[in-house]
Every structure is written in structure tokens, then in C-alpha cells.
Amino acid sequence: MDEFLVVLTTTVPQGTDPAEVDRRRAAESVRAKELAGSGHLVRLWRPVGERHSIGLWRAKDEADLRENVIGSLPLWPWMTADVTAVQPHPNDPGPAAHTA
């Protein structure tokens, strides 16, 4: 699978029922766990003091990512996504170097 760095920004449409927002956010948590379990969601961060998220995702290609992976998120209709395909750098020390 290819890897993608994705910046997701969620904007809830004005006037949306708060119960609908709560329902989608709860479903979002469940779906994120499913995507992590299937190897599609590798890491997810929220920059300190900001309202968007940055994630490392895996999919067959960008179309698959948008249609079947992040496109399956319950909040997707309210999201914008900035997608960058990434690959390991020759000097990347690997995952073991990133554990604290």
C-alpha cells in the first residue's frame, strides 16, 4: 500500500443540529479504530492549539484513499483534505527510532 500524509480540516455547517454533530463524532471514533485495525490509519495527530488533524494513512492509491478510506469517515462530508503522497527517505531511521 502507498502512504499519504493527510491534513484534515472539519467545518460543521452552520445550523447543524448538535445531536447530529455528536452522533457523527462518536461514529468517527469507531470508524477511525476500524481503519487503524485494517492498517489504513497509521498515526493521527492534532497540532497544539489548532483545529485540524494530520494523519499518516495507507491505501492502494490516492483515489482509493479518498473514496474508500478517508471517504468512509462519518465526518467526511464536512471535511477538506490536503493529501501528499510520501515514501521513506533514504536516511529515515525507521519506526524504532521514533519510540520514546
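User: What makes R24 and E20 a salt bridge?

Analyst: This is a predicted model, so the values are computed from its atoms. The side chains of R24 and E20 come to 2.7 Å, N to O. The cut-off is 4 Å between a side-chain nitrogen of Lys or Arg and a carboxyl oxygen of Asp or Glu. The pair therefore qualifies. Both residues lie in helix α1, 4 residues apart, about one turn of the helix. Salt bridges with shared partners join E20, R23 and R24 into one network.

User: How do you know that R23 belongs with E20?

Analyst: R23 and E20 meet at 2.8 Å, N to O. That is within 4 Å, so this pair is a salt bridge too. R23 and E20 are 3 residues apart in helix α1, about one helical turn. In general, residues three or four places apart in an α-helix point the same way, because there are 3.6 residues a turn.

User: Which of these are buried, and which partly exposed?

Analyst: Buried means under 20% relative accessible area, and exposed means over 50%. R24 has 17%, so R24 is buried. E20 has 24%, which makes E20 partly exposed. R23, at 49%, is also partly exposed.

User: Why is T11 called exposed?

Analyst: T11 has a relative accessible area of 53%. Exposed means over 50%, so T11 qualifies. T11 sits in the loop between β1 and α1. Its C-alpha atom is 15 Å from that of R23, 12 residues apart along the chain.

User: What is the nearest side chain of opposite charge to E28, and how far away is that side chain?

Analyst: It is R24, 7.6 Å away. The salt-bridge limit is 4 Å, so E28 has no salt bridge. E28 lies in helix α1, which covers residues 18–37. Leaving aside neighbours within four places in sequence, E28 contacts L73, P74, L75 and M79.

User: Why do you say that the buried residues of α2 line one face?

Analyst: The buried residues of α2 (residues 62–69) are D64, L65 and V69. Seen down the helix axis, they fall within an arc of 105°, so they line one face. They pack against β1, α1, β3 and β4.

User: What makes D61 a cap for α2?

Analyst: A side-chain oxygen of D61 lies 3.2 Å from the backbone nitrogen of A63. The limit for a polar contact is 3.5 Å, so the pair passes.

User: Which residues touch the most other members of the largest nonpolar core?

Analyst: V6, L8, W57, L65, I70 and L73 do, out of 17 residues in that core. At least two core residues come from each of β1, α1, β3, α2 and β4. V6 touches S53, I54, G55, W57, L65, I70, A81, D82 and V83, not counting residues up to four places away in sequence. In soluble globular proteins, nonpolar side chains tend to be buried together.

Conventions: Residues numbered from 1 in each chain as written. Predicted model: local features only at pLDDT ≥ 70, side-chain atom pairs only at ≥ 80, totals over all residues. Heavy atoms only, no water. Buried < 20%, exposed > 50% of the residue type's maximum accessible area, 1.4 Å probe, protein only. Lys, Arg positive; Asp, Glu negative; His and termini not counted. Contact = heavy atoms within 4.5 Å. Arc of directions from axis to C-beta. Polar contact = N/O pair within 3.5 Å; in protein donor to acceptor, adjacent residues only side chain to side chain. Core = buried A, V, L, I, M, F, W, Y, C linked by side-chain atoms within 4.5 Å.
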